[in-house]
Amino acid sequence: MAPTPRLEVDKITCRFDGRDVVRDVSFTVRAGEVMCLLGPSGCGKSTTLRVIAGIERQVSGAVRADGATLSNDKIHLPPEARGVGLIFQDFALFPHLSVGQNVAFGLKASRPDVARRVGELLERVDLAGYADKAPHMLSGGEQQRVALARALAPRPRIMLMDEPFSGLDNRLRDGIRDETLQLLKEEGTAVVLVTHEPEEAMRMADQIALMRDGVIVQKGAPYNIYNAPADKAAAAFFSDVNVIRGTVQGALVDAPFGQFLAPGHPDGTAVEIVFRPQHVKIDFDRGGRGPNPTPQDGTPARGVVERARFMGHESLVEFRMDFDGSLLKATVPAVFLPKPGVPLWLTVRRDRCFVFAKKR
């Protein structure tokens, strides 16, 4: 028998002013696991987090921790009774309290036990010796670690994090994210992280729930979400995409880059073939005139360089395609900056393409 999830969100719906802002949302999180709620602003991520915390009340559905009901249509435990930790973008440290007093705030234990727990956590977040400092004396990264220590102090079963790293500069963000994740996993805490940044979700999450318009449109491990998106919008949320269009005949789509399999789509269905820039290959050898292309690469199609930009570890080249005048993006490792107006032949990895029915 599978162990009881640390957190279970079961078909919750939350409504404001007669409008469902979260609808029929369900997921589970095990102890030591990170679930990321990912999506654009206004999709219902933070509202879902507030329902779990008990700050908002759902109109239907249930929230459970270790099998015990925290809220449903009859029960609504207040936030302080849920055993849930909260970290938000605004660290909200008490300015009139020292670092140690901030971490100790809310702990109910003897003074020696509180001092021991505070010292242990400050050491874990690499802030040993900072207990007597005032919050305004700390950097943003140090304040974030104090907020983490304060949230962990009462040993919450569940940690809810709403865009907690967005206020940090890029140089600090990766290191602090990794430190935070390691500490939470060591504590066996179930984590729900809200973010609108796909890179952050991929870096931190064991499972991702991709949200749009108040519902979860896809849920799974980062690898699966990225490599098997539910629709064009899901693919485009993680990276730039190229799109070409066609019509299904005999489970195949004829396109400028060759034929594409379209299983499950009836004949006559208008479809969009979606692929990422890194799966476009510049055909230097054949130039479209040499031996037959491999089945994997498909048929070469010609485009004219519109612009090329060096992005650091790769170059982004944009082509105006001969077949319909559309703009197609390709990312190429290292420095490759062809001049505008240069014609080149391109192929597309057909095993890296997604075929979706075109939405009306």
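Visitor: Why is Asp24 called partly exposed?
Guide: This is a predicted model. In it, Asp24 has a relative accessibility of 47%. Buried means under 20%, exposed means over 50%, and partly exposed lies in between. The value for Asp24 falls in between, so the residue counts as partly exposed.

Visitor: Where is Asp24 found, and what is its phi?
Guide: Asp24 is in strand β2, residues 19-29. Its phi is positive, about 55 degrees, and Asp24 is not a glycine.

Visitor: Which phi does Glu163 have, and where is its place?
Guide: Glu163 has a positive phi of about 45 degrees, and it is not a glycine either. Glu163 sits in the loop between β7 (158-162) and α5 (170-186).

Visitor: How do you know whether Glu163 is buried or exposed?
Guide: Take its relative accessible area, which is 11%. The cut-off for buried is under 20%. Glu163 is under that, therefore it is buried.

Visitor: How much of the protein is buried?
Guide: Buried residues are 47% of the 360 residues. The secondary structure comes to 8 helices and 20 strands. The C-alpha trace spans about 80 × 45 × 40 Å along its principal axes.

Visitor: Which residues form the nonpolar patch with Phe310?
Guide: Val335 and Leu337. Together, the three have about 290 Å² of accessible area.

Visitor: How do you know where empty space is left?
Guide: A probe the size of a water molecule is rolled over the atoms, and that shows it. Here the largest pocket holds about 630 Å³ of space. Its lining has 22 residues, and Val84, Gly85, Leu86, Ala151 and Pro154 are the closest to its centre.

Visitor: Which element gives the most to the lining of the largest pocket?
Guide: β6, with 5 residues. Both β6 (84-88) and α4 (140-152) supply at least two residues each.

Visitor: What is the make-up of the lining of the largest pocket by class?
Guide: The count is 14 nonpolar, 3 polar and 5 charged residues.

Conventions:
Residues numbered from 1 in each chain as written. Predicted model: local features only at pLDDT ≥ 70, side-chain atom pairs only at ≥ 80, totals over all residues. Heavy atoms only, no water. Patch = residues over 30% accessible without salt bridge, like charges linked within 9 Å, V, L, I, M, F, W, Y side chains within 5 Å. Areas by Shrake-Rupley, 256 points an atom, 1.4 Å probe, with all protein chains shown as cover. Salt bridge = Lys/Arg side-chain N within 4 Å of Asp/Glu carboxyl O. 1 Å grid on protein atoms, 1.4 Å probe; cavity = no way out; pocket = protein on both sides within 12 Å on 5 of 7 lines; lining within 4 Å. Points joined across faces, edges and corners; volume = space filled by probe spheres on them. Helix = DSSP H or I, 4+ residues; strand = E, 2+ residues; numbered from the N terminus. Nonpolar A, V, L, I, M, F, W, Y, C, P; charged D, E, K, R; others polar. Buried < 20%, exposed > 50% of the residue type's maximum accessible area, 1.4 Å probe, protein only.
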